[in-house]
Structures are given as C-alpha cells and as structure tokens.
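Here is a briefing on one predicted model. Look over the sequence and the fold, then read on.

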Amino acid sequence: MLTYPDIDPVALALGPIKVHWYGLMYLIGFALAWWLGRWRARHPESGWTTEMVDDLIFYGVLGVIVGGRLGYMLFYGFDQILASPLNLLKVWEGGMSFHGGLIGVLVAIGLFARRHGLHFFQVGDFLAPLVPTGLLAGRIGNFINGELWGHRTEWPWGFQLSCERFPRQCLDQPADTLLSPAVHASQLYEAALEGLLLFAVLWIFSSRPRPMMAVSGLFLLGYGSFRFLVEFVREPDVHIGYLAFDWLTMGQILSLPMVLAGALLLALAYRPRKTA
C-alpha cells in the first residue's frame, strides 16, 4: 500500500499572507487553457485571434470561480451559508463544485458569444478541449488538500492516511493506530479520467473540423460518464451521504443530466441533413 505524503496545503507563507497549493493549481489550470487556446488560435483556419482567447479565458475564470463556489455552497454546503454568509468567500479552504463552475462557464460563454457576435456553440466547441487541463490541476489540488478520499480498498495503489491528520478515516481503529486502512485516491482517478484522458480525446477529436455542437457534446458525455463512474469509489459528503439505494450520490445526480445533454448534442450534430 502507498502512504499519503505529509504535504503542507500552504505552498508559501509571507507573514499573514498564505498562498495555498489549491489556489496555485487553479492558476496553473487557467494558464494551461490560455496557452493551448492561443496556440490553436494562431492557426488561420481556426477563426479565432489570440486577443479573443485572452477575453474568453477572462470570462471563463470568472465563471469558474463564481459559479464553482456558489454551486458548492448551494449543492453541498448550504448549512455553511446559513451559519455565516462569509463562508461563500473562503475559496482558499477548498470547496468548489465542478457542476456549479460549469453553469458559471455556460453563462460566461453566452455573454462572450453575444459580445463577439458568435454562436453559443462556436464558443463552446472551442473552449471544451481546454477545460480538462483545469480539471486535472484542480483534482491534484484536491489531493494536496487531502480531501475527497474514496472508500477503503485492498488494491495495491490505495493510500494509507495519517490518523492524526485524518481522524475520520481511523474512527474504527485502536486509539494508538498511526495509519488508516488504505483508501481509494479518488481525486487522482478523476485527474486521470476527467483531466488527462478527456483532454486527449477532445484534443484529438477537435483537431479536425466537426459539426457544431459535436465537441461540446463529447465533453459533456465524457465528463458526466467519468464522474458518474468514479462516484462509486468516492465517499459521499458526510453531511449529505447517499441519496438513494445506498450508492447514489449528489455527484451522480448532477452528472446524469450532463450525460443526457451530451448524447443529445452529439445526436443533433450528426443528424442527417436534408438535401435540396
């Protein structure tokens, strides 16, 4: 079994100012998306300029941060809002919802498309292959933060956690236990599937001309499917638990519409066209 390394969530502390790895990983994800977008925009057939990419990433960053935080607090932490509305602002403590971020990005795409006179899915299809870079960085940030662990496992790549730092993982163990039973590193599973694999699939798929909505549809279908599957080994939020059947989670409930929407967009994109 693997042992989770003792990683300090704070990357840099300058007096009262603390720079967290979680925030840095988001910054890295945005930077990668910006660089890849500008690289694609330099191809004459793209129909994009580097200035448009700069503008789009700015809109996207706002959508991710605002939507992600609001979505997490509404879907998973509404009790924290009731306890103190200021908890909405504590992004550095973790707590970002992909599904909330997606809603924020959809709003941002609509505003950007309207400003530049583009179709909504022209923007969505260009942006979709860039998103997994942010997902990859964000899930690595979850791993560094030591959050979103999975169920216990006997697989050799499971991680044992420090009982001092993660007491909840050791509740049924003797008091002098130092390391927990091994658990799935579900953050890394998501980083591999929603990040690396989804990026590779979308980048290759979108490297050739595709009908409008196809790239966006594949993104929704791919992310929704991967997230739905990983939820089977990921522990549900303690204050929510399973919603039904002793296995259905909030993440699966929120991912299922993405799978359906992605399949619908692909069907519409590739529907037979009537000839005159």
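Which residues of α6 are buried? They are Pro 132, Thr 133, Leu 135, Ala 137, Gly 138, Arg 139, Gly 141, Asn 142, Phe 143, Ile 144 and Asn 145. Buried means under 20% relative accessible area, exposed over 50%, and partly exposed in between (1.4 Å probe, protein chains only).

This is a predicted model, in which local features need pLDDT of at least 70 and side-chain atom pairs count only at pLDDT 80 or more, while totals for chains, interfaces and linings use all residues. Residues are numbered from 1 along each chain as its sequence is written, and side-chain values use heavy atoms, with hydrogens and water left out.

**Helix α6**

- Helices (H or I, at least four residues) and strands (E, at least two) are DSSP runs, numbered from the N terminus.
- Helix α6 covers residues 131-145, and its end C-alpha atoms are 21 Å apart.
- Of the 15 residues of α6, 11 are buried, so the helix is largely enclosed by the rest of the structure.
- The cover over the buried residues of α6 includes α1 (21-41), α4 (98-116), β4 (159-160), α7 (186-205) and α8 (214-230).
- Ile 140 also lies in α6. Ile 140 is partly exposed, at 30% relative accessible area.
- Just after α6, Gly 146 takes a positive phi of about 70 degrees.

**Nonpolar cores**

- A nonpolar core is a set of buried Ala, Val, Leu, Ile, Met, Phe, Trp, Tyr and Cys residues joined through side-chain atoms within 4.5 Å.
- The largest core has 21 residues; Trp 48, Leu 56, Phe 112, Val 123 and Leu 130 touch the most other members.
- Two or more residues of this core come from each of α1, α2 (50-75), α4 and α5 (120-127). The largest share, six residues, is from α2.
- Beyond its neighbours within four places in sequence, Trp 48 is in contact (heavy atoms within 4.5 Å) with Ala 41, Val 53, Leu 56, Phe 112, Leu 118, Gln 122, Val 123 and Phe 126.
- Another core, of 20 residues, lies apart from it; among them are Phe 98, Phe 219, Phe 226 and Leu 265.
- In soluble globular proteins, nonpolar side chains tend to be buried together.

**An exposed residue**

- Leu 229 sits in helix α8.
- Leu 229 is exposed, with a relative accessible area of 53%.

Notes:
Expected span 1.5 Å × (residues − 1).
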